[in-house]
Amino acid sequence: MIKATNLSKRFDDIQAIAGVDLTIEDGQVFGLVGTNGAGKSTFLRMAAGILQPDRGTVTIDGRPVYENPAVKREIFYISDDTAFFSNTTPQEMATFYNRVYDSFNMERFNYLMNNFGLDRKRKIKTFSKGMKKQLSIILGISANTRYLYCDETFDGLDPVMRQAVKSLFIGDMASRKFTPVIASHNLRELEDICDTVGLLHKGGILLSKNLDDAKTDIHKLQCVFRDEESRKRIEEQLTVLTSESRGKLITMTIRGQEEDISDALRAENPIFMEILPLSLEEIFISETGVQGYDIKKIIC
Amino acid sequence: MTLKRLFVNLLKENSKRRLWTIAMAITANFFAQIVYAILMFGRYSERLATDRTTLDDIRIHFYNNVGGMGNVMVIGITFILPVILALQGYYYLLDSKQTDLYYSLPIKREKLFDINNLCGILVFAIPYLVFNIITVIMGLARGYATFDTILLYPLNALVILLSFIMLYEICTLAVVLTGHIVVAVLGCGVFYLLGSFAYSIFSFLMATFFTSYWNEVSDYNIGYTGSPMGLAGEAIARLHGDVNSEIAFYTFDAAPAILKMLVIAILSFVVSRILVKRRPAEAAGKAMAFSITRPVIKVAIACVAGLGAGLVMYYIGDIHSVPMFIFGIICGVLVVHAVIETIYEFDFKACLSHYASLIVSAVISLIVFVVFFFDIFGYESWQPMPARVASVAIGDDVTYSGIMAPYSKTRDVVSADFYYGATANGMEYALYNMKLTDIDKAEKLTRLGAINAKEFHKDAFSGGQGIYGHTYREDDENTCYRQFQVQWNLKNGKTVRRIYELDINNEEVLSAFKDIYNTDEFRKGKFPVYDIARGEINSLEGQTLTGEVRKKLTDDEMDEFLKIYSEELSGQSFDDLATQIPNITLYGVMDAGKQAYYSQKYNFYIFDSFTRTNEFLKAHEIPTSWWNGDKDVNSIKVEIERWDDVNKQEIYSNWESSDSSEIDTVLKNIIPTDNYNVTGMNSDVYDEDDDATTVQITFNTSAGTYSDYLVILNKDELPDELKKKCFVGDDAALYRESKRGWVKCVNNG
């Protein structure tokens with residue numbers, strides 16, 4: 001279990017992470033989402049032991065990560081800007097990681113390289129961006145570590161490759177202790193694969209919960225009330241995050257269980273009502289909108 | 001995996017990242033050692049075959065220049081490769097992508113540092129050692145290296161390796177402190193050069209403001225002191241063999257420099273290792289990794305540059321202007337601050353940010369200037385307390401100014417001329433060897449020097465004129481300033497040096513100096529003849545008007561000569577010397593037959609009053625006078641260079657004669673320049689009444705022609721035409737810088 005406690009990091013005048021408390025349970029795919037500059041990469045770099053927190057700690061099973069090789073042997077970090085040694089080949093990178101990580105599985109590396117159609121002896125500098133991403137993931141999976149940190153790793157992969165990687169993750173999670181932590185802007189992709197999401201905004205954590213729980217806890221409501229008083233009563237009774245009118249049709253984002261919302265609405269006997277589940281992207285927009293990260297403010 | 005195994009594995013992996021530097025190190029060492037040795041072997045063979053050298057000489061050359069310390073190409077590699085290897089090895093600290101890659105690995109940062117450090121050293125050390133061993137084996141096979149000196153080669157190799165490691169660790173520290181490759185290169189430059197630059201500025205300031213400062217500015221050391229390269233160079237130079245001495249006879253002298261290098265290397269390594277652990281990963285890409293170092297380095301550079309710019313402004317043009325010095329300080333500090341801030345922020349608009357440090361730099365520089373200008377700490381008048389002084393050495397240019405001795409008998413071994421077995425001047429010899437224990441007697445003279453220096457400082461700057469160059473003072477016609485270099489050897493092992501210019505027409509000065517000169521301690525320290533070992537020289541040679549004469553003596557004969565000469569030199573008082581001019585200068589040499597670098601080691605001035613010496617020389621058919629052979633001169637040609645004060649130009653004229661009476665007259669009134677100056681004249685100093693001047697004279701004899709620069713005296717005795725050309729009236733002075741001479745001064749006194 002990865003646990004961040006009161007984690008803070010400042011770069012000169014910029015507070016990248018401020019007092020984040022986050023727990024990532026084992027055996028799940030954890031998605032780290034957030035606005036631009038929210039601190040996702042900073043969090044992952046601290047969780048990987050690259051950056052030293054100004055305050056707070058990141059631990060794995062109670063053991064600090066920073067400057068702790070024993071713990072770091074359980075982590076493989078793939079940065080958003082994939083980095084390899086200069087003028088090297090995939091085979092040489094694998095040999096290097098094989099020496100560094102006791103758990104590295106060379107057979108698996110060779111197998112995956114063949115399956116992904118990547119040449120092991122070709123210079124990495126001649127690879128495309130997507131091929132480099134694939135190589136990073138193959139190296140990460142072959143390292144057989146408990147945790148795999150992927151920072152924007154799925155960006156640049158074509159849909160087929162994305163599916164293949166997802167399958168690999170699922171397969172590994174089923175066969176061994178494996179917990180991928182994925183930071184991404186591509187919420188639709190995360191929605192398919194993640195069990196739990198952590199939402200970062202302006203260096204702080206807005207929510208961290210099981211994706212299904214998150215979805216059941218927030219709903220989109222479309223309805224036509226009989227009068228304005230009904231609408232006001234609903235807004236008073238329920239936790240309305242956003243509300244938008246288009247003629248008589250009112251669209252609301254409401255936090256709460258579906259039954260509670262449904263009961264409250266029925267009591268007002270609306271002309272029309274429909275409760276819809278939210279996508280991860282919509283949850284993201286709603287949650288960050290509450291914090292002032294409103295699309296309308298950006299456009300206007 | 002065990003830690004040891006992991007370390008070795010990572011070392012192997014690290015070496016794969018360094019392929020091009022490995023190739024560079026191998027190629028450079030191959031050419032610098034193997035190819036160079038092969039080229040030199042060809043030269044050796046050719047020189048041996050043509051009897052232009054000896055095998056011993058070649059062995060020393062091989063030790064000095066090929067297989068040992070002084071291989072210039074190896075030294076060059078030792079200085080340059082550390083920068084390249086440190087930048088390459090620690091590049092991961094300067095690039096954020098690489099930092100993420102390395103720091104995400106389950107390896108401690110110190111271990112990563114250690115692996116890179118060791119790998120960088122091995123990249124140089126392995127090819128260097130392999131090729132060095134091969135080179136020495138090649139030398140052994142050809143007989144250019146011998147087994148009795150074989151242990152010196154690994155010692156040399158260790159010093160070269162230590163030099164490399166020290167420079168490599170310094171460059172590593174520069175990289176660790178910075179976060180950008182360009183700034184890291186500049187950092188290496190700062191660490192390499194800032195110390196020597198600061199030392200040079202300090203020396204120039206001392207020379208500019210203090211008349212009593214022992215001026216090192218023109219010395220070989222000036223560009224290297226304070227620099228790690230200079231330290232390495234010093235150790236290398238001190239291990240260098242001398243052509244006239246045994247191989248590596250300075251080995252013990254090199255120990256302090258070697259120890260310093262070791263300390264610097266270890267300190268740099270330890271500091272870098274600690275800093276790497278504390279260095280934030282996000283420093284990659286920034287100019288400086290640690291914010292605290294930014295103002296420190298900036299202020300240090302700005303102060304040095306400000307004072308340097310002040311000196312440049314001060315010396316621009318003929319006027320030495322104090323306001324220009326201050327203007328230079330402000331300009332220098334401002335420009336350097338702006339440049340460094342621009343580098344720090346990667347933004348030209350930030351050039352004047354952090355102005356507090358700009359003010360600090362300017363204030364520090366101005367304080368330094370004020371300290372020097374007003375001599376706040378009393379440098380000019382300070383002298384060590386007599387109770388702290390073990391002995392005093394005094395070098396003078398009043399007597400025997402042309403004395404020479406091998407560098408090996410002075411401290412000045414790190415000299416460009418050293419390699420050719422050249423000699424040091426008598427002043428340096430005296431300062432190194434003289435041990436005057438009568439401190440009170442010496443203090444009479446040095447106290448006068450200090451008083452004079454203090455007054456000179458005050459006068460010089462009240463007139464806005466600098467002191468640099470120790471220009472002789474001319475207070476009035478009756479003064480005659482001469483230089484005295486004083487070295488106090490303190491009881492704590494340290495030394496203090498000062499230069500004083502004193503008027504030897506002053507009775508108090510002359511009396512004080514006479515008292516010192518007439519002591520045995522002074523003679524033994526001043527004249528190298530008292531310290532010539534048996535077998536050190538085997539020949540005497542001298543120059544007469546008909547050419548060079550050289551005579552080989554047995555060791556016993558040479559010992560006898562040295563004994564007689566020493567005794568007669570001891571018997572020559574200051575007053576005796578003041579009225580004498582030597583007849584000939586003889587040189588003591590080691591004639592090794594085919595020795596390549598033949599040189600004169602000592603000189604002996606032969607006076608009429610040295611009767612026993614003259615007898616010995618005559619008995620051994622060695623000339624006692626420069627005029628030997630004067631009867632063979634058929635004709636002479638005098639070439640005169642005269643300054644036309646009216647037209648402000650030099651005028652050249654000749655006078656020739658084959659008339660025997662005219663030749664005799666001229667020969668009676670000429671004297672070799674060295675002999676004339678031995679009694680305290682510099683070559684540019686002449687008699688006050690224009691009664692002597694230097695001309696070039698060519699003598700034609702039956703044996704050939706001989707030409708030399710000579711002093712021509714007694715104008716009234718010369719043939720009229722020659723007199724006119726040499727001495728055209730009282731106001732037609734010949735080219736010279738000063739009129740005064742010691743003989744005249746002493747006579748006046």
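How many residues of chain A are in contact with chain B, and how many of chain B with chain A? I started there, keeping in mind that this is a predicted model. I found 21 residues of chain A in contact with 20 residues of chain B.

Next I looked up which elements of chain A supply that side. Two or more residues each come from α2 (69–72) and α3 (90–100) of chain A. The largest share is from α3(A), with four residues. I also sorted the chain A side by class and got ten nonpolar, eight charged and three polar residues.

Then I turned to chain B by itself. I noted 24 helices and 14 strands in chain B. The chain runs to 749 residues, and 43% of them count as buried. For contacts in chain B between residues at least 6 apart in sequence, I got 75% joining residues at least 24 apart.

Back to chain A, for a sheet. Four strands make up an open sheet there, in the order β12-β13-β11-β14, and they pair antiparallel.

Strand β11 (residues 218–224) and strand β13 (residues 249–255), both of chain A, are joined by six bridges in the antiparallel sense. Opposite H219(A) I found I254(A), in β13(A).

Conventions
Residues numbered from 1 in each chain as written. Chains lettered and ligands numbered in written order. Predicted model: local features only at pLDDT ≥ 70, side-chain atom pairs only at ≥ 80, totals over all residues. Contact = placed C-beta atoms within 7 Å. Nonpolar A, V, L, I, M, F, W, Y, C, P; charged D, E, K, R; others polar. Buried ≥ 20, exposed ≤ 12 C-beta atoms within 10 Å, placed from the backbone. Pairing = 2+ DSSP bridges.
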